[in-house]
Amino acid sequence: MGKTLNSKSLAEIEIPLPPLDDQIRIAHLLGKVDGLIAQRKQHLQQLDDLLKSVFLEMFGDPVRNEKGWDKPELKAFGKISTGNTPPRNDPANYDDDFIEWIKTDNITGDAVFVTPSTEHLSEFGARKARTLTNGALLVACIAGSVESIGRAALTDRTVSFNQQINAIQPGADVNLLYLYGLFKLCRAYLQSHATKGMKKILTKGEFEQITMIKPPLDFQNQFGVISKRIEGIKSRYQQSLTELEVLYGALSQKAFKGELDLSRVPLPIDQGRQINGELVEQQAYRSPLPEEAVTPTAVINDLVQATQLQGRGELLARWFSQYLTNTSPDASLGSAQLLEAAWQTVQETRLETDGETPALTLDDYDALKDWVFKALASGELNQRFDTNSNRVALQKLAAN
């Protein structure tokens with residue numbers, strides 16, 4: 001018989017119960033990490049929304065096609081092929097890890113590239129399979145639910161793939177990142193072409209005949225440049241999110257096993273202890289985790305508007321206004337701190353060309369200087385002498 005857990009056996013389970021102060025420290029420590037996790041997820045969603053808004057701004061709704069782009073069948077976008085499954089009754093097809101065998105669960109709908117496959121084909125099996133090099137689009141076209149139809153991902157390596165997937169190897173007049181963005185927005189449109197039975201199927205023949213907008217290559221390439229930059233930022237945030245989730249799990253285990261050193265974690269400022277009937281306040285809580293120089297929500301919001309701005313100067317102007325709004329009243333701003341924050345903004349939002357982001361230009365310095373003078377004249381900022389640094393510092397004034 002299987003083991004059961006009744007109320008008596010549940011009551012007899014022993015769990016570690018640290019002192020109340022340590023419970024509070026653990027809760028706040030985990031809360032800080034959890035807050036960063038939520039922030040990363042929010043930024044990733046904002047970046048997805050940004051890419052969608054850029055596409056719609058440039059090309060309009062791809063289904064309604066109100067901008068009147070050419071709308072040929074998908075077979076005009078490149079070579080279309082369907083994967084296959086080498087015979088399972090011959091173990092020699094699968095007895096080595098010569099090449100990944102991609103299935104629909106490797107097309108997540110969120111990741112740009114197909115995820116690593118746990119199943120591989122041997123060199124012998126690969127001869128009977130369909131393979132693709134990097135630079136192809138894979139689309140889930142057979143699934144148990146209509147929601148799974150239309151999921152798309154790119155290849156960044158040579159892979160084989162099964163018969164539930166249709167692939168497009170784009171022609172010379174199709175930008176791969178444009179094609180990926182198009183399929184992400186057209187998922188419901190693709191689903192409407194699938195069979196209505198229990199098994200949702202979009203055959204190769206039906207897939208080839210679906211019509212989609214195909215703007216001139218120059219327009220596609222412009223979107224491709226922006227998409228590459230945004231996906232690069234997303235990749236860094238996704239890596240950060242993964243690391244934070246691992247950190248949260250490790251801290252949780254150590255905390256509840258009593259293995260976490262809490263001696264350097266003071267109680268939060270709003271918590272205290274009763275001593276002789278009086279509340280003794282503790283020093284302000286400071287996370288032992290290092291502060292990270294991450295793009296704040298305000299900068300991501302600026303990024304959403306970046307494609308509509310006329311040059312970097314206007315972007316920096318918008319950033320400076322937002323920076324002052326988000327700065328705490330009476331906060332002290334050193335010139336180096338201000339310029340570093342501005343440079344970080346340029347780095348995160350520079351979408352127009354490839355290569356390393358340069359330092360701030362003389363024009364950038366002049367623009368920042370003019371905005372500082374305007375803020376001083378309007379009373380948003382004040383100048384004061386900082387005795388610690390022996391320098392003049394800027395100070396944001398509290399609103400009246």
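## The nonpolar cores

In this predicted model, the largest nonpolar core contains 49 residues. The residues with the most contacts inside this core are Leu 74, Leu 137, Leu 182, Phe 183, Phe 207 and Met 212. At least two residues of the core come from each of α2, β5 (137-140), β7 (152-154), α4 (176-185), α5 (187-191) and α7. The greatest contribution is that of α2, which gives 13 residues. Another core lies apart from this one and has eleven residues, including Ile 102, Val 159, Phe 161 and Ala 167. In soluble globular proteins, nonpolar side chains tend to be buried together.

Phe 183 illustrates how the parts of the chain meet. Leaving out residues up to four places away in sequence, Phe 183 touches Leu 74, Leu 137, Val 139, Ala 152, Ile 168, Leu 190, Phe 207 and Met 212. Of these, Leu 74, Leu 137, Phe 207 and Met 212 are also listed among the residues with the most contacts inside the largest core.

## Packing of α2 and α7

The packing of two helices is described by the angle between their axes and the distance between the axes. Helix α2 spans residues 20-59 and helix α7 spans residues 217-256. Their axes are 9 Å apart and form an angle of about 165 degrees. Because angles over 145 degrees count as roughly antiparallel, α2 and α7 are roughly antiparallel to each other. Their crossing is left-handed. In the contact of α2 with α7, there are 27 nonpolar, seven polar and seven charged residues.

The axes of α4 and α7 are 7 Å apart, and the helices pack at an angle of about 80 degrees. The two are therefore roughly perpendicular to each other. On the α4 side, the contact is made by Leu 177, Tyr 178, Tyr 180 and Gly 181. On the α7 side, Gln 220, Phe 223, Gly 224, Ser 227, Lys 228 and Glu 231 take part. By class, four residues of the contact of α4 with α7 are nonpolar, four are polar and two are charged.

Helix α4 also meets α2, where the axes come within 11 Å and cross at roughly 100 degrees. This pair, α2 and α4, is therefore roughly perpendicular too. Helix α2 contributes Asp 48, Lys 52, Phe 55, Leu 56 and Phe 59 to the contact, while α4 contributes Tyr 178, Gly 181, Leu 182, Lys 184 and Leu 185. The residues of the contact of α2 with α4 comprise six nonpolar, one polar and three charged. Tyr 178 and Gly 181 of α4 take part in the contact with α7 and also in the contact with α2.

## Individual residues

Lys 204 belongs to helix α6 (residues 204-209). Its relative accessibility is 33%, so Lys 204 counts as partly exposed. Apart from neighbours within four places in sequence, Lys 204 is in contact with Ile 80, Ser 81, Thr 82 and Asn 166. Lys 204 and Asn 166 are 38 residues apart in sequence, yet their C-alpha atoms are 6.6 Å apart in space.

Asn 221 lies in helix α7 and counts as partly exposed because its relative accessibility is 31%. The C-alpha atoms of Asn 221 and Val 174 are separated by 8.6 Å, although these residues are 47 apart along the chain.

Asn 65 is located in the loop between α2 and β1 (78-82). With a relative accessibility of 15%, Asn 65 counts as buried. Most residues other than glycine have a negative phi. The phi of Asn 65, however, is positive, near 55 degrees.

Notes. Residues are numbered from 1 along each chain as its sequence is written. This is a predicted model: local features need pLDDT of at least 70, side-chain atom pairs count only at pLDDT 80 or more; totals for chains, interfaces and linings use all residues. Side-chain values use heavy atoms; hydrogens and water are left out. Axes are lines fitted to C-alpha atoms, for helices over the stretch in contact, and angles run from 0 to 180 degrees between N-to-C directions. Helices (H or I, at least four residues) and strands (E, at least two) are DSSP runs, numbered from the N terminus. Angles under 35 degrees count as roughly parallel, over 145 as roughly antiparallel, 65 to 115 as roughly perpendicular and the rest as oblique. A crossing is left-handed if the near helix is turned anticlockwise from the far one by less than a right angle, and right-handed if clockwise. Ala, Val, Leu, Ile, Met, Phe, Trp, Tyr, Cys and Pro count as nonpolar, Asp, Glu, Lys and Arg as charged, and the others, Gly among them, as polar. Buried means under 20% relative accessible area, exposed over 50%, partly exposed in between (1.4 Å probe, protein chains only). Contact means heavy atoms within 4.5 Å. A nonpolar core is a set of buried Ala, Val, Leu, Ile, Met, Phe, Trp, Tyr and Cys residues joined through side-chain atoms within 4.5 Å.
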